[in-house]
Amino acid sequence: MPNDVENPSDIVNADELARPSSSRRDPELLREAITAWLATKVDGDAWVTDVQIPSANGMSSETILIDADWAGRSHHLVARIAPQPDSDPVFPHYDLDRQFRVIAHVAAATDVPVPALYWSEPEPGFLGAPFFVMGRVEGEIPPDVMPYTFGSWVGDASDEQRALLQTETIRVLAQIHQCPVPGGLDMPHGDETPLQAHIRRLREFYEWTIKGRNGSPLIDHGLTWVADNLPEESDAVLTWGDARIGNVIYTDFQPSAVLDWEMAAYGPRELDIAWLIFLHRFFQDLAESAGMPGLPGLLRREDVAEEYAKISGHHPQDLDFYTTYAALIHAVVMFRIQCRAIDFGQAHAPFDPDDMILHRATLEAMLAGTYWENVK
Ligand SMILES: Nc1ncnc2c1ncn2[C@@H]1O[C@H](COP(=O)(O)OP(=O)(O)O)[C@@H](O)[C@H]1O
Ligand SMILES: [Mg+2]
């Protein structure tokens, strides 16, 4: 039940809009700044030989690829940099050091594959914002632009290979959920449950987003709906937060690195399971609305639930609720990204603010309880 996407390249434009030029950095200046910073981190001479700013995947923090030489060899690194405050970032707060500590905790406590960690630099002075540096992992990522459902290595693979990718991704999810909960996550206030706290934070983010402008009646409705339809919660665990295949580097269809821990949170594991399912549906619906078959056999709701139960022993509960909540979270983030594009003069405010949500029809159908019956 997707909205019509008349021109699939609109999706590319949406991503471009989300990365306004003012938040881009100059590779040569970066190279000099990182070389100076590296000198404070390693013994002996160190110099950066190359800096690249990739264009695809990723909308909020900046990710840059760095090649550097020290101690007699080359190092292939990735730096994740908080956005510059003057770029009107998508989120009100970025805590790169917390992300670094969550990844370090997961690396120490589990077999979940994560990039090798080098340093976290909380001082904004070096690159204009805090950042951390990790090892670069080779492999393939299902692309967001154009979405992997529009034709990609995922679609070119065999059914068996895709099944392997699916199972091994779900296994990683189950491993994350077994990890002891790290310190430093946002915890519930007062007598809130972890899910209620999660919803409150979404609401706070949305209220920040719409300050001084019209909100979205659909999102208002969604926030009321989730508050009115709270399920019984399974035990809270560490959730990855942005649990989708577009945040995994695969080698031979197996995860070799789990990326993007910005949304890691304390909450029921269904948050991650539903995000994994919903984000695929989002890309699948886009493909179908563009007249393409997409990958209807991948990450099907029942299959994901069944495989997760088989691997972990926990039967996911209330996925109607959690997939609707996932669609709502995605709607709020998308609304924010569109508000920002409008403020930058890169998009026009539509007559109906709900039209700023690309998957508006999906969210409406989920809230009406009719979405899943129409999924083939
Ligand atoms: N350690 C890494 N090794 C290789 N590529 C990486 C690594 N970290 C990030 N990337 C690249 O940067 C992109 C964005 O990273 P990600 O952590 O998903 O951030 P975000 O999506 O929030 O911008 C990834 O899709 C990938 O292409
Ligand atoms: Mg990402």
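## Contacts of Ala305

Contact here means that heavy atoms lie within 4.5 Å. In this predicted model, Ala305 is in contact with Pro316 and Leu319, leaving aside its neighbours within four places in sequence. Ala305 belongs to helix H9, which covers residues 301–312. With a relative accessibility of 16%, Ala305 counts as buried, because the cut-off for that class is under 20%. Gln317 is 12 residues away from Ala305 in sequence, and their C-alpha atoms are 8.7 Å apart in space.

## Domains and the nonpolar core

The domain assignment of the protein gives two segments, domain 1 (9–135) and domain 2 (148–374). Their C-alpha centres lie 25 Å apart. To the contact between them, domain 1 gives 30 residues and domain 2 gives 34 residues.

The largest nonpolar core comprises 112 residues. Within this core, Ile34, Leu38, Ile219, Trp261 and Tyr325 have the most contacts. Helix H10 (residues 319–343) supplies the largest share of the core, with 17 residues. Both domain 1 and domain 2 give residues to this core, so the core lies between them. In soluble globular proteins, nonpolar side chains tend to be buried together.

## Trp261 and Trp240

Two tryptophans, Trp261 and Trp240, touch each other. Besides Trp240, Trp261 touches Gln99, Val102, Ile103, Val106, Val114 and Ile176, with residues up to four places away in sequence not counted.

Trp240 is placed in the loop between strand S6 (236–239) and strand S7 (248–251). Its relative accessible area is 0%, and Trp240 is therefore buried. Apart from residues up to four places away in sequence, Trp240 touches Leu173, Ile176, Asn247, Val248, Val258, Leu259, Asp260, Trp261, Met263, Ala264 and Asp272. Along the chain, Trp240 and Phe100 are 140 residues apart, and 13 Å separates their C-alpha atoms.

## Helix packing

The axes of H6 and H10 come within 10 Å and cross at roughly 20°. Angles under 35 degrees count as roughly parallel, and H6 and H10 are therefore roughly parallel to each other. Their crossing is left-handed. From H6, the residues that meet H10 are Leu195, His198, Ile199, Leu202, Phe205, Tyr206, Trp208 and Thr209. Their counterparts in H10 are Phe321, Tyr322, Tyr325, Leu328, Ile329, Val332, Val333, Phe335, Arg336 and Cys339. Tyr325, which takes part in this helix contact, is also among the core residues with the most contacts.

The axes of H5 and H9 come within 9 Å, with a crossing angle of roughly 55°. H5 and H9 are therefore oblique to each other, and their crossing is right-handed. On the H5 side, Gln166, Thr167, Ile170, Arg171, Leu173, Ala174 and His177 take part in the contact. These residues meet Asp303, Val304, Glu307, Tyr308, Ile311 and Ser312 in H9.

## Pro180 in the loop between H5 and H6

Pro180 is found in the loop between helix H5 (159–178) and helix H6 (194–209). With a relative accessibility of 46%, Pro180 counts as partly exposed. Residues up to four places away in sequence aside, Pro180 touches His105 and Ala109. Pro180 and Thr362 are 182 residues apart along the chain, and their C-alpha atoms are separated by 35 Å.

## Backbone features in loops

A cis peptide bond joins Val145 and Met146, with omega of about -25°. Met146 lies in the loop between strand S5 (131–135) and helix H4 (153–156).

Ala71 and Asp252 each show a positive phi without being glycine. For Ala71, phi is near 50°. Ala71 is placed in the loop between strand S2 (62–70) and strand S3 (73–81), and at 66% relative accessibility it counts as exposed. For Asp252, phi is about 50°. Asp252 is found in the loop between S7 and strand S8 (254–258), and its relative accessible area of 62% makes Asp252 exposed.

Note on methods
Residues are numbered from 1 along each chain as its sequence is written. Chains are lettered from A and ligands numbered from 1 in the order in which they are written. This is a predicted model: local features need pLDDT of at least 70, side-chain atom pairs count only at pLDDT 80 or more; totals for chains, interfaces and linings use all residues. Side-chain values use heavy atoms; hydrogens and water are left out. A nonpolar core is a set of buried Ala, Val, Leu, Ile, Met, Phe, Trp, Tyr and Cys residues joined through side-chain atoms within 4.5 Å. Buried means under 20% relative accessible area, exposed over 50%, partly exposed in between (1.4 Å probe, protein chains only). Helices (H or I, at least four residues) and strands (E, at least two) are DSSP runs, numbered from the N terminus. Domain bounds come from an automatic or database domain assignment. Axes are lines fitted to C-alpha atoms, for helices over the stretch in contact, and angles run from 0 to 180 degrees between N-to-C directions. Angles under 35 degrees count as roughly parallel, over 145 as roughly antiparallel, 65 to 115 as roughly perpendicular and the rest as oblique. A crossing is left-handed if the near helix is turned anticlockwise from the far one by less than a right angle, and right-handed if clockwise.
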